[in-house]
Amino acid sequence: MDLSLKGKRALVTGSSEGIGRAIAQGLAAEGAEVAICARRPGPLRQAAERIQAETGAKVHSFGADLSRTEDCDRVVRQAAEAMGGLEILVNNVGQIKLAGIAEISDADWQKEIDRNVMSAVRCARAAWPYLMRRGGRVINITGLAGKQVHLPGDMATSLTKAALNSFTKTLAHEGGKHGILVNNVCPGPILTEGMPERLGWIAGRLKISVEDARRNRERVSVLGRLGTPEEVANVAVFLASERASFVTGVTVEVDGGASHYI
Ligand SMILES: NC(=O)c1ccc[n+]([C@@H]2O[C@H](COP(=O)([O-])OP(=O)(O)OC[C@H]3O[C@@H](n4cnc5c(N)ncnc54)[C@H](OP(=O)(O)O)[C@@H]3O)[C@@H](O)[C@H]2O)c1
């Protein structure tokens with residue numbers, strides 16, 4: 001299937017590792033020019049080199065902390081200027097935080113909201129003028145926690161991903177008249193570089209071994225295993241493509257059947 005992504009210009013946020021890097025690589029493999037960003041310069045440089053070497057595509061990389069408004073505005077502007085435009089924005093920055101109500105201060109809540117929700121809101125706002133020029137795509141990476149409660153202490157992720165779901169739906173309405181399609185990709189448990197740390201938190205919280213925490217995560221999927229970043233990326237790349245031209249305002253789960261809602 002020709003995805004018609006050749007010549008398209010894409011910014012993927014939080015893309016030096018994990019799902020973000022796989023999406024950037026997937027878009028690049030289909031002929032898109034890509035811009036990636038993250039906070040740590042080492043992994044960011046390595047990701048750019050790897051994507052370039054494996055796909056031959058042009059890759060632009062920008063250091064940024066997308067919890068900050070000014071960095072969201074700057075990265076979108078730098079990416080669009082470097083590539084001469086922007087048709088695809090993938091808002092992938094986000095992180096899980098396990099903590100109970102008494103453990104999350106106002107400042108911590110604000111950090112979660114800034115990273116998991118406002119990074120996407122601010123990047124979409126900054127990208128909107130570019131996306132309106134030729135009709136564009138916004139893809140937000142959400143998570144099962146936004147629709148179902150399944151991990152103890154997953155309160156901050158649940159609240160912020162639910163907010164992102166609602167942002168996607170309303171932005172899709174606004175984007176319709178400009179030919180901008182806005183969708184969510186919702187991963188289940190995916191084996192990324194961040195997974196060992198996450199399993200450590202879960203194990204500590206449930207007072208079980210890390211191996212048992214991993215087995216529990218595997219059993220969440222009806223396929224009995226963790227997913228790969230590439231399996232999530234395949235769906236994001238499809239939604240970014242011309243083949244998904246009548247799909248907007250929806251959430252596509254890539255969770256191996258882990259979601260319990262109908
Ligand atoms: N993996 C899963 O099982 C899973 C499940 C459901 C949903 N998700 C969602 O999928 C997305 C990606 O998750 P992942 O597991 O692939 O993450 P990951 O492996 O931890 O990678 C996160 C990437 O984002 C960058 N990043 C983190 N905070 C950033 C910030 N404030 N500003 C700029 N870049 C930042 C990281 O680089 P630096 O640290 O250098 O900044 C890294 O490149 C997230 O939205 C997550 O909530 C993941």
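These legends accompany close-up views of a predicted model.

**View 1. Strand β6 is mostly covered.** Start with β6, which spans residues 181-187. Seven of its seven residues are buried. Follow the side chains along the strand and you will find L181, N183, V185 and P187 pointing one way. V182, N184 and C186 point the other way. Asparagines N183 and N184 are buried along with the rest.

**View 2. β5 and β6 run parallel.** Strand β5 covers residues 137-141, and five bridges join it to β6. To find your place in the pairing, look for R137, whose bridge partner in β6 is L181. Between these two strands the chain passes through helix α5, residues 155-176. This β-α-β crossover is right-handed.

**View 3. β6 also pairs with β7.** Here β6 meets strand β7, made of residues 251-254. The two run parallel and are joined by four bridges. A handy landmark is V185, which stands opposite V252 in β7.

**View 4. The largest nonpolar core brings several elements together.** This core has 34 residues. Two or more residues come from each of β1, α1 (18-29), β2 (33-38), α2 (41-55), β4 (88-91), β5 and α8 (229-240). In soluble globular proteins, nonpolar side chains tend to be buried together.

**View 5. V90 and its neighbours.** Leaving aside residues up to four places away in sequence, V90 touches L11, V12, T13, I23, L27, I139 and I141. While you are here, look for a second, separate core of 32 residues. Its members include L66, M83, L89 and A120.

View 6. Most residues other than glycine have a negative phi. S4 is not a glycine, yet its phi is positive, about 55°. This serine is found in the segment before β1 (9-12). Is S4 buried or partly exposed? With a relative accessible area of 26%, S4 is partly exposed. K207 likewise has a positive phi of about 55° without being a glycine. You will find K207 in the loop between α6 (195-206) and α7 (210-220). Its relative accessibility is 74%, so K207 counts as exposed.

Notes:
Residues are numbered from 1 along each chain as its sequence is written. This is a predicted model: local features need pLDDT of at least 70, side-chain atom pairs count only at pLDDT 80 or more; totals for chains, interfaces and linings use all residues. Side-chain values use heavy atoms; hydrogens and water are left out. Buried means under 20% relative accessible area, exposed over 50%, partly exposed in between (1.4 Å probe, protein chains only). Two strands pair if DSSP finds at least two bridges between them. A crossover is right-handed if, with the strands pointing away from the viewer, the path from the first strand over the helix to the second runs clockwise. A nonpolar core is a set of buried Ala, Val, Leu, Ile, Met, Phe, Trp, Tyr and Cys residues joined through side-chain atoms within 4.5 Å. Contact means heavy atoms within 4.5 Å.
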